[in-house]
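This report covers selected strands, helices and residues of one model. Please look over the sequence and structure before reading on.

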Amino acid sequence: MSGPLRAVIADDQALVRTGFRMILATDGIKVTAEAADGAEAVAAVRSTRPDVVLMDIRMPRMDGIEATRQIMSGGANETRVIILTTYDLDHYVYAALTAGASGFLLKDVTPEHLVAAVRLVRSGDALLAPTITRRLIERFAPRDEAKANLHRDLTELTPRELEVLRLLATGLSNAELADRLTLSATTVKTHVARILSKLGLRDRVQAVVLAYETGLISPGGPSGVG
């Protein structure tokens, strides 16, 4: 992707917005707008078309979950959302992931991690902290029969793709997947891209959620992480 990375910061605390703006600006990331609530965030995204939104969950008027849902509902929208939260194991975080967020960060994140996360999701990847994300989804993901039936097209996946999806859902990175399956990193990336395309998923977070909701992997099952 060319051009400077552009971001919107949505948080009802002005000091948080100011701190994050300074961190991003120091690394050459342009903040196109700030928002004090979800409604302002949706409007800012529609008017400035940023690459990434840093979205707080608990805000007045419209919370970050509904704002994320509205932002991601645009078919051609390439904006990615990172949820900002105080507590990692929070059912609101899970709801935001199912609404289309590409990951989440704790508000006490280091400046280096914040910048790296914004750049990561802008590249089209998902921000997955494997152990936390897996615990979060295991705790809150329902076994959804409707979604299981809707995604019977899991049968469209090859046996190898199903294996990759199952391991991906445990939080393994591409490098770890390649090592586990004795494949090249390029081959793993190809498998992951095909899985997302066949299932109509935006990114790895959505794949992890789907794997649990359809019962492909069960809460409390083997982690797959050595």
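## Lys 198 in helix H10

Lys 198 has its place in helix H10; helices here are DSSP runs of H or I with at least four residues, strands are runs of E with at least two, and both are numbered from the N terminus. With a relative accessibility of 32%, Lys 198 counts as partly exposed, a class lying between buried (under 20% relative accessible area) and exposed (over 50%), computed with a 1.4 Å probe on protein chains only. Lys 198 and Leu 154 are separated by 44 residues in sequence, and their C-alpha atoms are 8.4 Å apart.

## Basis of the values

The model is predicted: local features need pLDDT of at least 70, side-chain atom pairs count only at pLDDT 80 or more, and totals for chains, interfaces and linings use all residues. Residues are numbered from 1 along each chain as its sequence is written, and side-chain values use heavy atoms, with hydrogens and water left out.

## His 191 in helix H10

Helix H10 spans residues 185-199 and also holds His 191. His 191 counts as buried because its relative accessibility is 12%. Not counting residues up to four places away in sequence, His 191 touches Arg 160, Glu 161, Val 164 and Leu 183, where contact means heavy atoms within 4.5 Å.

## Strand E1 and its partners

Strand E1 covers residues 6-10, and four of its five residues are buried, so the strand is largely enclosed by the rest of the structure. E1 runs parallel to strand E2 (residues 30-35), and five bridges join the two; strands pair if DSSP finds at least two bridges between them. Within this pairing, Ile 9 has Glu 34 of E2 as its bridge partner. Strand E3 (residues 52-56) is also parallel to E1, joined to it by four bridges, and Val 52 in E3 stands opposite Ala 7.

Helix H1 (residues 14-26) forms a right-handed β-α-β unit with E1 and E2. Right-handed means that, with the strands pointing away from the viewer, the path from the first strand over the helix to the second runs clockwise.

## Asp 56 in strand E3

Asp 56 lies in strand E3 and is buried, at 5% relative accessible area. Leaving aside neighbours within four places in sequence, Asp 56 is in contact with Ala 10, Asp 11, Asp 12, Gly 64, Leu 84 and Lys 107.

An unreviewed UniProt entry lists Asp 56 under "modified residue: 4-aspartylphosphate". UniProt positions are given in the numbering used here, feature names are shortened, and annotations may be inferred rather than shown by experiment.
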